[in-house]
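Subject: Structure handover and notes

Dear colleague,

Please find below the structure that I promised to pass on to you, together with its sequence. My notes on what was found in it follow directly after.

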Amino acid sequence: MEGFLGSGDLYMDRLTTAGGAQGLTLLGNATKFELEAKAEPKDLVSKKRDTAGQLLASVTKGQPATISITLNEYDKDILAASFLGEATAQTGAGGTITDEVITGIADKYVEVAHRAISAVTVSRKGGDDAVAWVAATAYAVDDYVVPSAANQHMYKCTVAGTSDATTEPTWPTDGTTVVDATATWQDMGLIIATVDTDYLLQDRLGMMQILSSGSIEDGEQLNVDYTWSAQDGYDITVGTTPMVKCRFILDGINDVNGKNCIVDILEANVKPSGPIDFLADDYAEVTLEGKIINPAGQTTPAIIDYHE
């Protein structure tokens, strides 16, 4: 007889809801693989005068065996199981986006449709859509024009009226206004916004913060051009699959005698035993626990291949 001190590699097959196999995956570092067979006694205790409190009969009824697994290395499949979800490969091949319209919110971050972006150009839609100034034309408040000789600035009508019949205004570029017959125009700044002046870019998350100190107005529509990188990760859902059904195989060894101890859990319903702390100071652990199921056609829910 010898003691048992085990180590080993753990494999998992995330079964379908119907219990169908999908292939075994070698998991990361498992620090606990605990299997417990359970039984519950059913006692018949006397309430008779002469034998009160004595055991008249007793039978032991089997209970579902349980499993508990802890890992401090894990992959997408373990994370998905730990969040009662599914892991789906991201399929975005990357590409170039032109004129994606977003609405700026002063001093807040606004997202575009993709993450991991580069080669970003932000232009102001009012200026992009503006037509060149035309003489003797009625303009309403909030109409935009650009000079007939483009100077990269955009101008907004702040006093409705009719433009001069012959002479185009001398357009300011310092944010001031200019009177144009009965209309008034305000310089709204450059059409192409300037990073770190008009907005801050968070390229990894595909976000930009519109700076109130810049020339972009709160609520202004913007055209964004950018390139986004191919996505090679996984999207993991949370709470979408409350029943996580798995098969586990521990390719174990008794370090005391160097002999194999292989544990095959044919089917188990598992759930996370607690949260995962993504900002933990130490390696975050994942613990799955649950009950072992005896699959149809089997006489035992688990098999231990043990060698002395």
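**Hairpins and sheets**

Within strand β17, Leu200 has Gln209 as its bridge partner. This bridge belongs to the antiparallel pairing of strand β16 (residues 199-202) with strand β17 (residues 207-210), which are joined by four bridges; strands here are DSSP runs of type E with at least two residues, helices are runs of H or I with at least four, and both are numbered from the N terminus, while two strands are said to pair if DSSP finds at least two bridges between them. The hairpin of β16 and β17 has four residues between its strands, and Gly206 there takes a positive phi near 65 degrees.

Before going further, please note that this is a predicted model, in which local features need pLDDT of at least 70 and side-chain atom pairs count only at pLDDT 80 or more, whereas totals for chains, interfaces and linings use all residues. Residues are numbered from 1 along each chain as its sequence is written, and side-chain values use heavy atoms, with hydrogens and water left out.

An open sheet of five strands has the order β9-β11-β12-β15-β14, with mixed pairing. Its edge strands, β9 (131-132) and β14 (177-180), each pair on one side only. The parallel part includes β9 and strand β11 (residues 144-146), which pair over two bridges, and Ala132 has Val146 as its bridge partner in β11. By contrast, β11 and β12 pair in the antiparallel sense, also over two bridges, with Lys156 in β12 as the bridge partner of Tyr144. These two strands form a hairpin with six residues between them, and Gln152 in the turn has a positive phi of about 75 degrees. Strand β12 (residues 153-159) is mostly covered, as five of its seven residues are buried, where buried means under 20% relative accessible area, exposed over 50%, and partly exposed in between, with a 1.4 Å probe and protein chains only.

Another open sheet is made of three strands in the order β6-β18-β8, and its pairing is antiparallel. Because β6 (95-103) and β8 stand at the edges with a single partner strand each, one side of each is left without a neighbour in the sheet. Seven bridges join β6 to strand β18 (residues 221-228) in the antiparallel sense, and the bridge partner of Gly95 in β18 is Trp228.

**A residue in β8**

Ser123 lies in strand β8 (residues 117-124) and, at 7% relative accessibility, counts as buried. Its side chain makes a polar contact with the side chain of Asp128 at 2.5 Å; a polar contact is a pair of N or O atoms within 3.5 Å, where, within protein, one must be able to donate a hydrogen and the other to accept it, and residues adjacent in sequence count only if both atoms are side-chain atoms. Neighbours within four places in sequence aside, Ser123 is in contact (heavy atoms within 4.5 Å) with Asp128, Ile191, Ile192, Ala193, Leu222 and Asn223.

**Aromatic residues**

Rings of Phe, Tyr and Trp (its six-membered ring) pair if their centres lie within 6.5 Å, and planes under 30 degrees apart count as stacked, over 60 as edge-to-face and the rest as tilted. By this rule there are five aromatic pairs. One of them is tilted, because the rings of Phe4 and Tyr306 have their centres 6.4 Å apart and their planes at 40 degrees. This pair links distant parts of the chain, with Phe4 in the segment before β1 (6-14) and Tyr306 in strand β23 (residues 302-306), 302 residues apart. Phe4 is partly exposed at 47% relative accessible area, and Tyr306 is partly exposed at 41%.

The rings of Trp171 and Trp185 have their centres 6.2 Å apart and their planes at 65 degrees, so this pair is edge-to-face. Both Trp171 and Trp185 are buried, and together with Tyr139 and Tyr155 they form one aromatic cluster.

With best regards
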